[in-house]
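This report describes one protein model, from its overall form down to single residues. Please keep the sequence and the structure in view while reading.

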Amino acid sequence: MSLLVVGSVAFDAIETPFGKVDRTLGGAASYFALAASHFVPVRMVAIVGEDFSDKDRAVFKGRKIDLSGLEHAAGKSFFWSGRYSQNMNERTTLATELNVFAEFKPTLPDTYLDTKHVFLGNIQPGLQQSVLHQLNGKPRIVGLDTMNYWIEGSNAQLRETLKHVDILTINDDETRQLTGEHNLIRASRHVFKLGPKILIIKRGEHGALMVHPKFIFSVPAFPLEQVHDPTGAGDTFAGGFMGYLAKAGSMNEQNLRRAMVYGSVLASFTVEKFGVERLAKVTRREIDQRARKFAKLTAFKL
Ligand code: AMP
């Protein structure tokens, strides 16, 4: 029932209207693993440098997160820095220092090879595909995240990788860029021809939209009084979504709808504080409480 994630483990410097941190643990795989581990054991594949300390490792401790695929290399960990606009709808990347991430060639430990649920976080599409090739047998569910950089720069490889993907999670601009279609519903039909059976469009403060060939489902972002830092919300959403789905075991309509809600619930905790601070502390009880509030928030009778 394990869920494998490949992606970045990073140190981030973040500036929002609510404050600033110079160095906090981040990276897509960190957010994803912390969120998903509430539902299933997570197997992480990532790379860090010598600056990744025992204190950083401790963030993942006491949870069902297997770090035997976390490679330690000479040099510095991936570093990313970003600044949010006043309304937090826009983000400017100030620095991307790949460091050890530049040489990252994901290698799966033998104990990971039987994994049946996989999330290919936002890395070079050829490397995403290499993870699938290493696995023994075909996984049951494969999710993939990507970004404008790879849609533009590694388009052919991305299209090749997408042939093996069930669920694509990207934002609206990326959906338009990948398909050349402005209308998101028409764009989703284009995505289905590329391989994925389900498209999840992440829309920040507007929530997320799931397009399946037979139905469409939309979840809002949970309304919060305080949003301090949106960093990692998308990766947390993916972790909650994939974690719930891996636990549920099948991609039927009800499971997919509930997975969307858990993705949105987990993301709502992440944005309450900087970096992974809130996410690393949230309990399953708090998650379920908020999921119940979510059901009330969106319920109505016709
Ligand atoms: P999100 O807010 O969902 O876009 O995720 C932010 C996280 O992604 C941060 O913790 C960064 O360390 C990480 N990140 C930023 N740029 C990249 C990149 N080019 N490749 C992989 N991870 C990245």
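## Charges and overall form

How far apart are the mean positions of the positive and negative charges of the protein? The model, which is predicted, carries 38 positive and 31 negative charges, and their mean positions are 9 Å apart.

The protein contains ten helices and 13 strands. Its radius of gyration is 18 Å, close to the 19 Å that the globule rule gives for 302 residues, so the protein is as compact as a globular protein of that length. Along the principal axes, the C-alpha trace spans about 60 × 45 × 35 Å.

## Surface, interior and contacts

Of the 302 residues, 55% count as buried. The accessible surface of the protein amounts to about 13,900 Å², and carbon and sulfur atoms account for 50% of this area.

Contacts can also be described by the distance along the chain between the two partners. Among the contacts with a separation of 6 or more, 64% are made by residues 24 or more positions apart.

His212 is situated in the loop between strand 12 (208–211) and strand 13 (216–219).

## Helix 3 and its surroundings

Helix 3 is formed by residues 125–134; seven of its ten residues are buried, so this helix is largely enclosed by the rest of the structure. The buried residues are Pro125, Gly126, Leu127, Gln128, Gln129, Val131 and Leu132. They pack against strand 1 (3–6), strand 8, strand 9 (141–145), helix 4 and helix 5.

Ser154 is placed in the loop between helix 4 (148–153) and helix 5. Is Ser154 buried or exposed? With a relative accessible area of 11%, Ser154 is buried. Apart from residues up to four places away in sequence, Ser154 touches Gln124, Pro125 and Tyr149. The C-alpha atoms of Ser154 and Gly126 are separated by 8.3 Å, although these residues are 28 residues apart along the chain.

Asn136 belongs to the loop between helix 3 and strand 9. Leaving aside neighbours within four places in sequence, Asn136 is in contact with Leu113 and Lys116. Asn136 and Gly243 are 107 residues apart in sequence, and their C-alpha atoms are 21 Å apart in space.

## Two residues with a positive phi

Which residue in the loop between strand 6 (78–84) and strand 7 (91–97) deserves attention? Met88 is found in this loop, and it has a positive phi of about 65° although it is not a glycine. Met88 is buried, with a relative accessible area of 15%.

Asn99 likewise has a positive phi, of about 50°, and is not a glycine. Its place is the loop between strand 7 and strand 8 (117–120). At a relative accessible area of 30%, Asn99 is partly exposed.

Lys20 lies in strand 3, which consists of residues 19–26. The relative accessibility of Lys20 is 57%, and Lys20 counts as exposed. Not counting residues up to four places away in sequence, Lys20 touches Ile14, Glu15 and Phe274.

How many residues apart along the chain are Lys20 and His228? They are 208 residues apart, while their C-alpha atoms are separated by 9.9 Å.

Definitions and conventions
Residues are numbered from 1 along each chain as its sequence is written. This is a predicted model: local features need pLDDT of at least 70, side-chain atom pairs count only at pLDDT 80 or more; totals for chains, interfaces and linings use all residues. Side-chain values use heavy atoms; hydrogens and water are left out. Helices (H or I, at least four residues) and strands (E, at least two) are DSSP runs, numbered from the N terminus. The radius of gyration is taken over C-alpha atoms; the globule rule is 2.2 Å times the number of residues to the power 0.38. Buried means under 20% relative accessible area, exposed over 50%, partly exposed in between (1.4 Å probe, protein chains only). Contact means heavy atoms within 4.5 Å. Accessible areas come from the Shrake-Rupley method with a 1.4 Å probe; for residues, only the protein chains shown count as cover. Lys and Arg count as positive and Asp and Glu as negative; His and the chain ends are not counted. The place of a charge is taken as NZ of Lys, CZ of Arg, CG of Asp or CD of Glu.
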